Amino acid sequence: MLLAQFTDFMIVVLLVAALVSALVGEIADAAVILVIVLLNGLIGFVQEARAERAMAALRAMAAPHANVLRDGSVLTIPAADLVPGDLVLLEAGARVPADLRLTASASLAISEAALTGESAPVAKTTGVVPDPATPVADRCNLAFSGTLVTYGRGAGLVVATGSATELGRIAGLLGAAGVVRTPLQIRLALFGRRLAHAVLAVCALIFVAGLLRGEPALLMFMTAVSLAVAAIPEALPAVVVIALALGARRLARQQALVRQLPAVETLGSVTVICADKTGTLTQNRMRVDAYWVHGARADAGGDPGAAGRRSGAWPDVLRAMVLVNDAVLAADGGIAGEPTEAALLEAARGAGLDWRAMTAAAPRVGELPFDSERKRMATLHRMGNAVVSFVKGAPETVLPRCAAQAGAAGPEAFDAATAAAAAAAMAADGLRVLALAMRSFEAVPASSAAAEEGLTFLGLVGLIDPPRPEAADAVAQCRSAGIAPVMITGDHPATARTVAARLGILRDGDRLVTGAELAAMDEAALARRIGDARVFARVDPEQKIRIVGALQARGECVAMTGDGVNDAPALRRADIGVAMGRGGTDVAREAAAMVLLDDNFATIVHAVREGRRIFDNIRKFIRYAMTGNAGEIWTIFAAPFLGMPIPLLPIHILWINLVTDGLPGLALAIEPAERGVMHRPPRPVRQNIFAGGMWQQILWGGLLLGGVALAGQAWALAHGAHAQTMVFTVLALGQLALVLALRSETESLLAIGLLSNRPLAFTVAGSVALQMALVYVPALNTVFHTAPLAPEELAVCLGLASVVLLAVEGEKRWRRRARAHRSAT
């Protein structure tokens, strides 16, 4: 794994450059190149090693032990020793050790959120599921390895262990997903290959031209080699690493932990964000969203409306939400219990009810626990001289047992069909619907079944895992940045549709696709439908990978967010995986390139902005370095054809390459973002790094820099001045002027401020001082073959260097005017 980091073409070219530098005696330059290469290799090695931890985290989710019935005795054995046919016993708080076909269920409920994305625990039964194609989330007679028992108890036969389980299948998908190269890695690899070929051709041409002109072969060889080393921007990998590392540090302050540095830049190319619903776009906790009382529906807020108040049922609705409930108020003020019951208690408390006072005034004297066959529960409470039964459950099981409904003057006639239609309408809106009812007795009934018969209907309560408050604004910002949000969830289609519509993900003309519909599509059909599909519901892990792959086949750069085990393979397959840090699983975090520490979808928007800023700065460095290198090449190449001697020595070229190229270029990595960076479309993944006319800018900028250097040489030769030192100084100062002008692609240096990037300003000042030391310090004159310049010679050098700054600023002004003209027309 470590050796593989040094096989990239750009890295190989740099290693050759380091070898050549050492052979010509430039040990310091060779050492700098080797340090940069080793740094990149170590970072890549660490990234791959971290990615492999996803498999280890997935294995750790398996239950370490299991209670099993063997030979008539209950034994506790390591989960790894389970075999198909073993009878496993389950109880609340236990992690399921293998895939089980349930044979017994007593109020058994299992949390499968990490596996399927379903927010609420799933009630389990022992009945038959006839359709073998039933989605995992709907297989109510199976318990899956790695899920958690939240309520009740049960037993089941082992039907799959290890890699044959649903969890093991996801592990296989995770291993097969592979790691996708980031857009930055693709662009830099292509750039490195093209640059190396071009540099070798130019240097060979210069070497041959020098020999034909009669120059010494050794001098021309050293000049060509030095120029080759100078022309390859070996500071580019360092600039990339520093830009990404600083971007990662900025994102960490905004609660985004970057695990793979190139992921920061990848966000700048993202065109589609595939977001998991549960825990990513929603809060991963149930909340009462609506009531239906006495024929009137109202949103949650503690009051079901005027009809409910007139009916007199509202107090009993709240009372039932508190009493037929096993959730409790903890000492710290929180609520402990099953998520649905905790949501009911939270809503009642929000309406002003005192849980402790109510439970003390109406002590529980009996109960019929929730059963997955009956789909309801009942509790009996002593209230004054009477005993009151409160019932809560699925509408289809409670409504048929109601003989009346609560009214202002007592029980009234009850229309079960109307209530059932209201329940169906609430379910169609994506709500989980519960019916509440009650009955009064003089004493505890002799038959427990009587507690659930002859009931008085109170109302319906609709619950939902609500969207995060900031998610809708984040979705809107993504759209303004040209990024399409897509919801992928294992949850019910109605629930997914409701949440997506509230967040603005699903709009007119957009399509919702279910897992069953997706399974029926071939690749061609999926390619046709993927363009307008914005919500995918009831999908399994393989389908998530398929969706991501179909989007990538369209040329999209895909970010996948998620928090569950079921999200991990798609996180790995996507161009960038983003996991939730608080509510997410270890498997998802290890498979992702970035982790949101605050589980805030809006943080992704900040990361996109940072990614775009970083890529802009890398482009600026490439333009700066390549323009400077082109100037050096033009200077050396053209001088002999103009009848002038070799203008630079190898040591001059390497000095310019190391000091005036490298150090200011590194400071470009922290340049602030351009204005309007989030109001432009994402870059195409395969877009050339030189897109937008940068090749032309490098060409004319290099010609200009080479032209002013040759002008300085011609002036020096005409006036008997120090020609070689002047060319050396003009090139050095001209490149420092260039880096100041290139800080913004559109704004002038005066508009952005000279000190808005203080490290760059100080680096430029320091480089000027070093260049002056090479010209005026006698000891350095000997080493670098320079001579002190007279005042008029220095003035000519400064004047020629300033031409570069003025020319680039003039080009930017012309671009601003052209853009304003296009906007006006």
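Helix H15 gives the most to the lining of the largest pocket, with 4 residues. Helices here are DSSP runs of H or I of at least four residues, strands are E runs of at least two, and both are numbered from the N terminus. This is a predicted model, in which local features need pLDDT of at least 70 and side-chain atom pairs count only at pLDDT 80 or more, while totals for chains, interfaces and linings use all residues. Residues are numbered from 1 along each chain as its sequence is written, and side-chain values use heavy atoms, with hydrogens and water left out.

Back to the pocket. Its lining has 43 residues, and Ala-120, Pro-121, Ala-123, Arg-432 and Val-433 lie nearest the centre. A pocket is an open set of points on a 1 Å grid over the protein atoms alone, with protein on both sides within 12 Å along at least five of seven lines; a cavity is a set of points where a 1.4 Å probe fits but cannot get out; lining residues have an atom within 4 Å of a point. The volume of the largest pocket is about 1,400 Å³, where volume means the space filled by probe spheres set on the points, and points are joined across faces, edges and corners. Elements giving two or more residues to this lining include strand S16 (386-393), helix H15 (416-428), strand S19 (432-441) and strand S20 (455-464). By class the lining has 23 nonpolar, 8 polar and 12 charged residues. Nonpolar covers Ala, Val, Leu, Ile, Met, Phe, Trp, Tyr, Cys and Pro; charged covers Asp, Glu, Lys and Arg; the others, Gly among them, are polar.

Now the strands. S19 is largely enclosed by the rest of the structure, because 7 of its 10 residues are buried, buried being under 20% relative accessible area with a 1.4 Å probe, protein chains only, against over 50% for exposed and partly exposed in between. S16 and S19 run antiparallel, joined by 7 bridges; strands count as paired if DSSP finds at least two bridges between them. Phe-390 has Met-438 of S19 as its bridge partner. S19 also pairs with S20, again antiparallel and over 7 bridges, and there Leu-436 stands opposite Gly-459 of S20.

Next, the core. The largest nonpolar core has 131 residues, with Phe-457, Leu-460 and Met-594 making the most contacts inside it. Such a core is a set of buried Ala, Val, Leu, Ile, Met, Phe, Trp, Tyr and Cys residues joined through side-chain atoms within 4.5 Å. Helix H23 (residues 603-641) gives the most to this core, with 14 residues. A second, separate core has 35 residues, including Met-321 and Met-377.

H23 also holds Thr-635. Is Thr-635 buried or exposed? Thr-635 is buried, at a relative accessible area of 0%. Leaving out residues up to four places away in sequence, Thr-635 touches Pro-647, Gly-706, Ala-709, Leu-710, Val-727 and Leu-731, contact being heavy atoms within 4.5 Å.

Last, the cavities. The search finds 3 of 30 Å³ or more. The largest has a volume of about 50 Å³, and H23 gives the largest share of its lining, 3 residues. That lining has 2 nonpolar, 2 polar and 4 charged residues. The second largest cavity holds about 40 Å³, and its lining has 7 nonpolar residues, 1 polar and no charged. Helix H5 (183-213) and H23 each supply at least two residues there.
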